[in-house]
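Please keep the sequence and the model in view while reading.

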Amino acid sequence: MALKPDISALGAGNSNSSSDAVSSDSASTTVSDADAANGVDPSNAACADDSSSSATADFHDSPAKAKAIGDSSSLQLDPDSPVQNSASAQQVSSSLPQPLMTPACVAPTDANHEVKGAIAGDASANTLHRKRNANGSGVAAATPQTAAEAPITGSTDGEDDDDDSHRHASDLLPTTLSPTHYDIYLRPDMLTGKVSGSVTIDLLVNRPTDVIVLHTKCIDIESVAICQSNAVVATVGASAVSYNAAMETAAIRLPFVLGDSGEDIYPSEATITISFAAAISNSMYGLYRCRYRDRSGKPAHMLVTQFQAKCARMVFPCWDEPAIKAQFTLTLTVPDNLTALSNMPVARVEPLDTGLKTVYFERSPRMSTYLLAIVAGELAYVEAPSRSGPVDADGQRQEIMCRVYTPAADIEKVRFSLETAVRVLERLVAMFGYAYPLPKLDLVAVPELEAGGMENWGLVLFRTVRLFITPQTSLWIRQKAVYVIAHELSHQWFGNLVTMAWWDDLWLNEGFATWIGIYITDQLYPEWKRWDHFAIEDRQAALSADSLRSSHPIQVTIKGSADIDQVFDSITYYKGCALIRMLSAFLGIDSFMTGVRAYLRAHEYSTATTRDLWCALERASGKDVAQMMHTWTAYVGYPVVTVDDNFAEGTLHLRQTRYLHSGHPTADEDRVVWWVPLGLISSETATESGDCVVHEALTERSGSVSIPGGSAARWFKLNYDNAGLYRVRYSRTALQRLARAIKQGELRTVDVVGILNDMVALVTSGYIHTTALLDMVESFQSVSGYVVWQILGYFIESLYLTWANRSDYLRERIRSMARTLFAPKAVELGWTHRAEDGPLVARLRAISIPRAAWAGDPDIIAHACKLFSDFYEHPDDKPFHHDFTASVFEIAVRSGPPENHDRVRQMYENSQHWHLSEDHRMAALGAMSCTRDQKLMWKTLEYALSDKVLPQDLNIVIGFMVSSNYESKHVLWRWFCKNYQRVVERLGECSALLGHVVGTVIGEFATATMANEIEAWFADKHTAAFDRTLPQSLEFIRVRAAWYHRDKDEVMEWFLSREARDSSA
């Protein structure tokens, strides 16, 4: 699944614009046992459509708008992406991160009880797996360990472990029954909003039971028939069903003991048929109505499903856990003018006399419930074959038909996406060495979708902005489209074919899909330098979130159902991706992919855990992957490596400690020792190929290493290619030498990015002085790569965010510094898009112009406002390149006449008149928020809650507003407090979207006073949807406050001295 949509994408680099309920040794289960397990309530609680529970994924996208590095708000806005926050309040009080795996061996510790990694055990044994039954329909579990001293870590060794306690047994269904096949019939009525249906479920009876417990939410079960040996043995009605609304389960009491045949042979078989009534959802979960406009511009609706993470239970009764895989056969009755789609091809269509038709779909392979999907609407498609099927007798791959569906009016907008899907699919087949597993692949453009993309097997859904790519689409959105398509299609293997056993291993799905999405994008379009962008956006989002005390490990303990949605965050997506990249670089891509292929083959159509992946990679590489990686996945945080250099002797002394954004950790917080690949280069060995990189690793708290080239080296750098997930703290001498090397162009752009990113982080956390980075800004200016300029912009914005409300003098001096940096670059690049300009020049231009305008450059502002006025008056004669559209809109509203606010509203509502692509329509919406008029700010926020704006797009309005100027966040906070209940009703109290909005609203403040006010205001609110986001955001606010108080005098002195120097020049 893709993370929330990226607002920065719309701004094209703008400056302002991430148990068993039944005991496993119980031979027979009684009704009272099940009651105790299920908390049976005699009546079904009233169901409000609360939009609860699906995760958001386009952690595919980078953090929205141009957020400051280390800024919690940078984790909030990805309309696909990343970017939820990732910590829990309970973890804040924990002095030691807790591992998730049961140890078989004791990891070595030193006298201070430092965790030094795992000891690999028997690769064939895995305590994380508890088999349900012989056919592999199992529930995987990981057992948490709490140690009084240092945590014990290690790979597992021995027999299967039946302890599911860390997965909260009360949240899991009993294992007495296992479904093997669902035959589902649904008849939705869009006029009444009701769904009538039935489901016949083939079951394995693992132990005798007289109660069937399964998941339901807002479903009324009307009758249940139980069959054995092809004969109905009992029928029960609604009175035999008890519901537990909190657990989202139903318990069906049977008049006999199912499976009690007198013979001790298990599993036996049974079938149940359930008739039920459900509802079409008004949220973006379950089966819901999706709004759009038809070819004539009139409002229309389509039916769409979103089942991840736990919403299949809203549509039919089922075992709604990822490890409980089954086959599915779907039958759907819909109006005969609608195209009906599901995971599998249509088997046959039966016309009815009532203007309806019944569509029968082929049987699916074994898969998890969250991957089942339905779309029904007035759709058109484009198609093309892909050579991605099984190999035929002649050694050629068979063709798989790829289609992209969309409302008919938009059919010409999806041809690029179709071409991309075909190319990506063929690349994936080659990489995995495994044919695409289904007989067809459909992509669907969905106007209303909570995430940027959803990987349903064979029926992949995308927000329209990710598939509608036209010649007018900006370069950045085109790049995002390729990445998101690659991300979602990689899930067809990594996530769908092989699924994480439980949500605590979600990173196996999303971290890998993020890595391969970027990897394939980089292969298809190497000129885009996609890994450079990863270094400044996605990797930084992960490092920023994971530098908090309130962060969580990649293998995160799921404390309950409410936790599931919140782990679709930057830690899962981006830290997961960064670790995959670090490991693949160390093992070598060939060995790494050999292990991945073996992993897919070993666990096809089943589930797996992190340990399973490590075992496959160990066999492929011959390296002890589990020991190297255990601390990275099981523990929170990452290290900063402090370097003491001796250039005269050509040696370095290294020491690793946990990096915290709030400053130096306590002894209790600093007990993990990571495996840290050094990636060491110097002036004597640096090459583009990386052949001369020192690939040693720091595996102890401290150690020494020789500088490549010895005492002859003029400079050195750790973490070549930014492949390692850690910060580096250099000495002042080493930084001065690196500064000279950067000015002379001796370092690659990606390595300059690593130095600059680390310095920004170390400044805000107090490891180095802010003035040390201010002194080096001139050196970084010499680098032409847009990624470096983007980080410089982020740093200035972060300074502004922290100091703007404190001092009028500093506010203007920081803006003046931004003008000095970006205005000359904007003038140099100009407004004209030249044919010889490559994509990186286009990106640099798109960064420089809006940042110079934000800083108040009068010429750029005047030119942008004129371009906007000309475009408004003459929409058929656009006077600027499409890459400038978002910047022109934003500048025109922020710095132009007041009427420009209403003009961009018109463009948003009537985008066809101005020939706007989908991303530019969203840019018009965001630009409305850039006004400096507080009354218009309020009016815009009210507009965002109207029917003119989809709920999924509310955060675009809010994200642009908090970034546009320093006063806006206070207006937004007052509006949010006054309208909180309306926001909740619009998004749903348990919606992941609500968590994103909350994080964005509060994430830009920088004083302890505001942190205390926010904390007090939320004290009596229901915060289940954002109980990770809230403490993270508060921690970031307090970090900024501490940064200001620590460096305020020194920063003031620095600017005063620079002003005096400039005046005398």
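In helix H24 of this predicted model, the buried residues are Glu918, Asp919, His920, Arg921, Met922, Ala923, Ala924, Leu925, Gly926 and Ala927. The helix spans residues 918-927 and is mostly covered, with 10 of its 10 residues buried. In the chain, which has 1065 residues, 66% count as buried.

His915 lies in the loop between helix H23 (899-909) and H24. The phi angle of His915 is near 55°, a positive value in a residue other than glycine. A positive phi also occurs at Tyr605, where the angle is near 60°. Tyr605 belongs to the loop between helix H12 (589-602) and strand E26 (606-608).

| Residue | Relative accessible area | Class |
|---|---|---|
| Thr572 | 1% | buried |
| Tyr605 | 25% | partly exposed |
| His915 | 45% | partly exposed |

Thr572 is part of helix H11, which covers residues 570-587. Because its relative accessible area is 1%, Thr572 counts as buried. Which residues does Thr572 contact, leaving aside neighbours within four places in sequence? They are Leu506, Trp507, Glu510, Gly511, His552 and Val567. Glu510 is 62 residues away from Thr572 along the chain, yet their C-alpha atoms are separated by 6.6 Å.

Another local feature concerns the backbone. The peptide bond from Gln308 to Ala309 is cis, with omega near 10°. Ala309 is found in the loop between strand E14 (299-306) and strand E15 (327-335). In total, the chain contains 30 helices and 34 strands.

Empty space inside the model can also be examined. Rolling a probe the size of a water molecule over the atoms shows where such space is left. The largest cavity holds about 120 Å³ of space. Its lining consists of 13 residues, and those nearest the centre are Tyr800, Leu801, Val962, Ser963 and Asn965. Helix H18 (786-803) and helix H26 (954-964) each contribute at least two lining residues. Sorted by class, the lining comprises 6 nonpolar, 4 polar and 3 charged residues.

Finally, confidence must be considered. The chain has an average pLDDT of 81, and 82% of the residues score at least 70. Over residues 4-169, however, the pLDDT is below 50, although this stretch has 650 contacts in the model beyond near neighbours in sequence. Where pLDDT is low, the predicted coordinates should not be read in detail.

Notes. Residues are numbered from 1 along each chain as its sequence is written. This is a predicted model: local features need pLDDT of at least 70, side-chain atom pairs count only at pLDDT 80 or more; totals for chains, interfaces and linings use all residues. Side-chain values use heavy atoms; hydrogens and water are left out. On a 1 Å grid over the protein atoms alone, a cavity is a set of points where a 1.4 Å probe fits but cannot get out, and a pocket is an open set with protein on both sides within 12 Å along at least five of seven lines; lining residues have an atom within 4 Å of a point. Grid points are joined across faces, edges and corners, and a volume is the space filled by probe spheres set on the points. Helices (H or I, at least four residues) and strands (E, at least two) are DSSP runs, numbered from the N terminus. Ala, Val, Leu, Ile, Met, Phe, Trp, Tyr, Cys and Pro count as nonpolar, Asp, Glu, Lys and Arg as charged, and the others, Gly among them, as polar. pLDDT is the predictor's confidence in each residue, from 0 to 100. Contact means heavy atoms within 4.5 Å. Buried means under 20% relative accessible area, exposed over 50%, partly exposed in between (1.4 Å probe, protein chains only).
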